[in-house]
Amino acid sequence: MTTTPLAAGIRLGRMPYGILGNLETLEFDGEGLSMSGRVAPVGDGDRVATLAVRREQLLGLASPWDTTTQPIIVRDDPSITGHYADLSVRTDIDHMGSGHFRWQLSGRRLLGRDVPGHELHQVGGLRSNSHAVLVGSVSPWAAIPAAATEFFSGESSASSTFDLTRVSDTGSVGFYIYATGFNRRIAYFVCPPENHWDGAALITLGASLHPVTGRQVWDSDAATNSWRIGNGLVRVSQSATAGELLVESIGVANSTWTPENYSLRYDAAGSLITAFTTFTVLVNTPEVCSVRVGMRAGANRHRQLLDITVRRGDRLAEFTWRTDENLLGRVSHDPAEAATDLTVGAATVGIRETAGALPKWVIYTPAAATTDTVNGTIERTTQWPSFPFAIGMTNATDSTDDLRKYYLGVNECWQSLVGR
Amino acid sequence: MSSVTEVFGGVGSWDIDLHPDTPRAVTQRLEMAGAGYACVIITPVRVDPVAVGADNIHTASIYAGMYRHRTGRAGSIGGPGLWAYLGNEQGVGPIVGAGLSDTRTYRAWCESLDLDPFIGTASTVPTSPTITWTTDRVMTRREALEILQELAGSHPFNGLDLHIDHRTMTIVSEPPVWGVFAPAPYNTPVAYPMFVPWWTPRHPGSLVAGQHDMIRARFEIEEHVEDYLYQSIIGATTSTNAVPAYAYPGGSPADVLQQKYVQDGSIPAGSESTVGVAEVGRHAAAELVISAYTDERDLPARVKPGATVALYDPENNLWDNTSPRPAGGREMWPTFTWAQSTRWPVRANMGVYIRFDDDSILNLSDWYVPGTGDAQVTFGAPMQTRVNGVVSQRGLRSQL
């Protein structure tokens with residue numbers, strides 16, 4: 001009988017299985033744990049670059065910014081598996097030239113073994129909008145892994161079933177809609193570490209799309225570097241045409257991605273964004289990820305920023321495009337395609353694809369907008385320094401009205417783990 | 001450690017520690033026999049006093065104060081803030097004559113009191129309300145101003161509180177905000193500084209009109225309820241408050257009612273109920289002390305006591321979701337309040353100058369010991385409105 005070494009079976013935080021190599025030492029001290037190992041050897045070629053990425057991922061686990069706990073999974077020895085807090089990481093990089101390096105990680109083990117409590121803090125309200133949409137006609141929601149149990153929504157214990165379960169390509173997500181409006185509330189659930197990242201918001205970077213941990217990236221070049229922000233239901237990257245957005249969505253009952261391209265234009269002449277410049281991380285949690293992408297039009301160096309936010313369980317990716325003058329902005333489906341206005345009352349809140357079967361692409365904006373339904377274009381009626389919009393797909397389960405209600409309210413969620 | 005404390009409605013203080021190596025030629029000029037009447041000027045970066053000139057340094061300053069004491073040859077120097085120009089704690093200052101008895105507008109009072117000893121009277125002082133005031137007492141201008149503001153019902157939110165703009169040495173109705181580090185808002189300057197938790201991603205504050213310039217801070221919250229009041233009793237009139245809860249738990253609740261007997265002969269007959277309701281209302285919310293600590297270097301340029309600021313820290317219950325503010329690609333829901341006091345270190349590479357009464361400038365920028373650590377801001381009472389319709393006023397009792 002062959003035994004699988006501990007090699008392939010370690011998962012630290014967002015770092016996938018198979019790259020951390022052998023777990024070599026393990027030391028417990030009260031609630032403290034320290035473990036060390038050696039990353040799986042990397043062959044020639046881009047050896048140092050690949051190892052550098054792994055090193056940065058490891059160091060990012062100890063990032064103090066967004067998440068102070070990380071799940072650690074040792075697949076072949078579940079007795080070690082659990083959630084660990086206050087991590088510190090050390091890497092010995094003197095062997096990187098020969099294809100590997102040693103790493104050491106220490107932290108504090110949360111009580112409750114692998115199932116400590118998850119508190120989901122929430123605060124939210126109506127998204128500022130020009131559509132006369134009021135707080136009563138939006139749907140505050142929160143999403144957690146569908147594998148979670150012992151769920152308490154924070155508003156009542158009677159209705160703790162999910163309103164929807166959305167099947168993302170990284171696991172199922174339970175989608176809960178609050179009937180009592182927005183408030184500051186704390187939901188609670190318990191979730192096995194294996195499911196901690198189900199449908200989580202995720203930022204990936206580089207040709208092999210390695211997950212980014214923490215807020216530092218190992219390459220901030222958004223033009224030549226591949227980057228992607230998504231949640232297993234919708235994901236955003238740069239399209240094959242420089243300066244265009246590629247937004248891919250998963251339909252309701254299949255796991256295939258439907259790609260759609262969108263171009264961005266601004267100013268009176270309709271200048272086209274032709275390149276992305278920089279890529280930085282603003283927020284990196286399982287509940288929500290935000291990145292900031294710099295952009296430019298031709299040789300114009302004028303400051304153009306696109307903040308992209310994706311929330312766990314959301315079918316829309318949110319964008320905030322900003323510049324310093326009244327210049328913004330226009331979003332167009334590329335290639336031109338017939339679209340239908342989406343309205344609420346007398347206001348146009350967005351457009352959707354006209355032809356074909358579901359799923360259909362949609363664009364929403366909370367700003368007063370004018371549409372071109374022949375070409376699939378939506379633009380801010382009055383040019384302005386900021387243009388917020390959201391892109392995704394509607395399907396049989398999530399109608400355009402539903403998506404609007406989910407988008408025009410914002411329920412910010414952030415999670416903290418509590419020992420039992 | 002060199003630092004400055006600025007207080008709303010008070011004189012505050014400043015302290016500059018001098019380096020032991022400070023030349024005798026410099027410290028000799030600080031001797032009171034020669035320096036007598038002088039002020040300190042602090043600028044966010046160093047400027048050349050010879051090239052720039054005294055008035056321009058004042059214009060570029062983030063703080064000015066009265067030079068009033070020193071210790072040692074090269075020890076520390078310090079004094080109060082500019083309000084002491086109008087009258088210090090010993091009753092010394094420009095005196096307002098006796099026999100004030102008139103009904104005038106707020107601005108007319110300021111003009112006739114000659115409150116601005118520097119350059120005329122600011123036209124930004126509101127004309128209303130009209131105030132009737134009779135006094136035959138001689139007092140300093142600062143004392144007169146305090147009485148006047150009290151009569152006017154001044155509060156940082158109603159524009160009736162007055163400030164000294166240290167850059168132009170004028171009386172203004174809005175605290176000054178210095179313009180170099182504070183990004184110019186694209187359109188109208190409606191963006192108040194917003195204090196957010198330290199981990200909040202930054203965003204370029206200048207990009208959109210109405211967006212808030214964010215100051216990342218660590219919040220410290222203190223709450224007290226020792227004066228929670230359920231009923232106030234004035235003579236035969238009992239006024240009852242529904243919030244907070246009826247009584248403290250344990251035993252028979254009716255036995256531990258929080259009642260207060262208000263004994264005040266000046267309450268006119270018939271007003272007992274009005275006064276009583278106000279009394280319980282004042283004590284229905286927790287006394288809240290909010291402080292923020294930040295390492296933002298330009299804090300003293302952006303936030304002066306009395307300035308309107310936004311606070312957003314949901315984990316400390318500082319939020320108000322009736323007014324979303326887009327920030328960093330996300331929405332935030334700050335609550336609005338005002339800065340009550342600031343205390344900030346005079347950091348390395350700031351400019352420190354003494355301006356003498358003959359307008360000559362002594363440059364201390366090379367010779368002070370820089371302060372380190374966080375700047376601290378304490379805040380006054382935020383007005384809170386929640387979606388559920390409950391409006392509550394929170395903050396220090398003395399500021400309500």
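**Strands, a contact and a helix**

Reply: Gladly, and please keep in mind that this is a predicted model. To begin, E9(A) and strand E12 of chain A, which covers residues 185–190, pair in the antiparallel sense over 2 bridges.

Me: Which residue of E12(A) stands opposite Phe152(A)?

Reply: That is Tyr188(A), which lies in E12(A) and faces Phe152(A) there.

Me: New topic: how many residues of chain A are in contact with chain B?

Reply: There are 25 residues of chain A in contact with 19 residues of chain B. E7(A) gives the most to the side of chain A that touches chain B, namely 5 residues. Sorted by class, that side of chain A has 9 nonpolar, 9 polar and 7 charged residues.

Me: Let's move to chain B. How many residues does helix H6 of chain B have?

Reply: Helix H6 of chain B, residues 141–152, has 12 residues, and from its first C-alpha to its last it reaches 16 Å, close to the 16 Å expected at 1.5 Å a residue.

Me: Which residues of H6(B) are buried?

Reply: The buried residues of H6(B) are Arg141(B), Arg142(B), Ala144(B), Leu145(B), Leu148(B) and Ala152(B). They cover an arc of only 155° around the axis, and therefore they are on the same side of H6(B).

Me: What covers the buried residues of H6(B)?

Reply: The cover includes strand E7 (95–96), helix H5 (106–112), strand E9 (130–135) and strand E10 (139–140), which are elements of chain B. Just after H6(B) comes Gly153(B), which takes a positive phi of about 75°.

Me: Back to chain A, which strands does helix H1 lie across?

Reply: Helix H1 (residues 47–60) of chain A lies across strand E5 (82–92) and strand E6 (102–109) of chain A, and it runs at about 135° to E5(A). E5 and E6 belong to an open sheet of 6 strands in chain A, with the order E1-E4-E5-E6-E3-E2 and antiparallel pairing.

How values were computed: Residues numbered from 1 in each chain as written. Chains lettered and ligands numbered in written order. Predicted model: local features only at pLDDT ≥ 70, side-chain atom pairs only at ≥ 80, totals over all residues. Pairing = 2+ DSSP bridges. Helix = DSSP H or I, 4+ residues; strand = E, 2+ residues; numbered from the N terminus. Contact = placed C-beta atoms within 7 Å. Nonpolar A, V, L, I, M, F, W, Y, C, P; charged D, E, K, R; others polar. Expected span 1.5 Å × (residues − 1). Buried ≥ 20, exposed ≤ 12 C-beta atoms within 10 Å, placed from the backbone. Arc of directions from axis to C-beta. Axes fitted to C-alpha atoms, helices over the stretch in contact; angles between N-to-C directions.
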